[in-house]
Amino acid sequence: MKKLRDLFISDANILALVIINTIILVTLYFPGTPRKLYIVDDILTVLFTIEMILKIGKYGWKQYWATNWNRFDFIITISSIPSLVTLFLASNGALQGLSLIMIFRTLRIIRIFKSVRIIKFLPGVSNILRGIKRAVKASYFVVFCFVIFLFVASMLSCGLFGKAAPEYFGNPLVSAYTTFQIFSIEGWYEIPNTIAENMGSDWAGSLAKIYFVLLLFGGGMLGMSFVNSIIVDAMAEDNNDEVMNELKEVRKLLEEIKSEQNKKDSSVE
């Protein structure tokens, strides 16, 4: 039993299973995929479930759940278990009716998340995730302000250009998507040109173009750039901390050398 547990708990073995499972998941989405691959994928799901159970048995639930990676593995494994139901029902001819087929196809899609586990084995991933966590905390307020600005701009655009370009600003949701598209500098000139042609007069079209230039400048060049700069700065904070620690060590070493030199000078005198 101990050998079996060590076999499943080994990171190298689990990484190999995750890589194999990822390759199979990609293959499953090609046309004419052999049904045997679905069975292999279900077997891998069972193996991941066994791994989870053995880890809980070894460490206990409290210690197992205390680790963030174990929580991640648990959620991914549990979310992929329902896909096993589809194989059982299909083999018994139980998949009848469009609604059932759609439900169980959705359950099969959940198995895709098993491949996400490969992130756990990437070198330096802990530092990256800490940087992401800091970036999220540092950007709460800025992102909230950006969302408010996006909401106001999309509602204003919907009211101004909903009739002139309903395909872009026909309702608040479509307008929000188009506005964010402009913020990302995607289609920022095609959309204003289309609206200007539909405005009915040259001066109205010109005002519309000026409006979108201001929108691009405020939301794209300033807004998104500001959000990106905060996120990048927070992500790079680990490197800054390392540099500061190294400088402190150098300063400490210099002070020790200076202290030793002062002692020598005093003894000479």
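A residue is called buried when its relative accessible area is under 20%, exposed when that area is over 50%, and partly exposed in between, using a 1.4 Å probe and protein chains only. By this definition Lys-55, at 6% relative accessibility, counts as buried. The structure is a predicted model, in which local features need pLDDT of at least 70 and side-chain atom pairs count only at pLDDT 80 or more, while totals for chains, interfaces and linings use all residues. Residues are numbered from 1 along each chain as its sequence is written, and side-chain values use heavy atoms, with hydrogens and water left out.

**The salt bridge**

- The structure holds one salt bridge, a term for a side-chain nitrogen of Lys or Arg within 4 Å of a carboxyl oxygen of Asp or Glu.
- Glu-51 forms this kind of pair with Lys-55, and their closest N and O atoms are 3.1 Å apart.
- Both Glu-51 and Lys-55 lie in helix H3 (residues 35–59), four residues apart, which is about one turn of the helix; helices here are DSSP runs (H or I, at least four residues), numbered from the N terminus.
- Glu-51 is buried because its relative accessible area is 2%, a value under 20%.

**The nonpolar cores**

- A nonpolar core is a set of buried Ala, Val, Leu, Ile, Met, Phe, Trp, Tyr and Cys residues joined through side-chain atoms within 4.5 Å.
- The largest nonpolar core has 18 residues, and among those that touch the most other members are Phe-161, Phe-169, Phe-183 and Phe-212.
- At least two residues of this core come from each of helix H9 (140–161), helix H11 (172–183), helix H12 (190–198) and helix H13 (202–235), with H13 giving the most, namely seven residues.
- Leaving aside residues up to four places away in sequence, Phe-212 touches Phe-161, Phe-169, Ile-182, Pro-192 and Ile-195, where contact means heavy atoms within 4.5 Å.
- A second, separate core consists of eight residues, including Ile-14, Leu-17, Ile-24 and Leu-44.

**Gly-205**

- Gly-205 has its place in helix H13, and it is buried because its relative accessibility is 3%.
- When residues up to four places away in sequence are not counted, Gly-205 touches Ala-196 and Met-199.
- The C-alpha atoms of Gly-205 and Asn-193, which are 12 residues apart along the chain, are separated by 8.1 Å.

**Cysteines**

- A search of the whole structure finds zero disulfides, a disulfide being a pair of cysteine sulfur atoms within 2.5 Å.
- Cys-145 counts as partly exposed at 34% relative accessibility, whereas Cys-158 is buried, with a relative accessible area of 17%.
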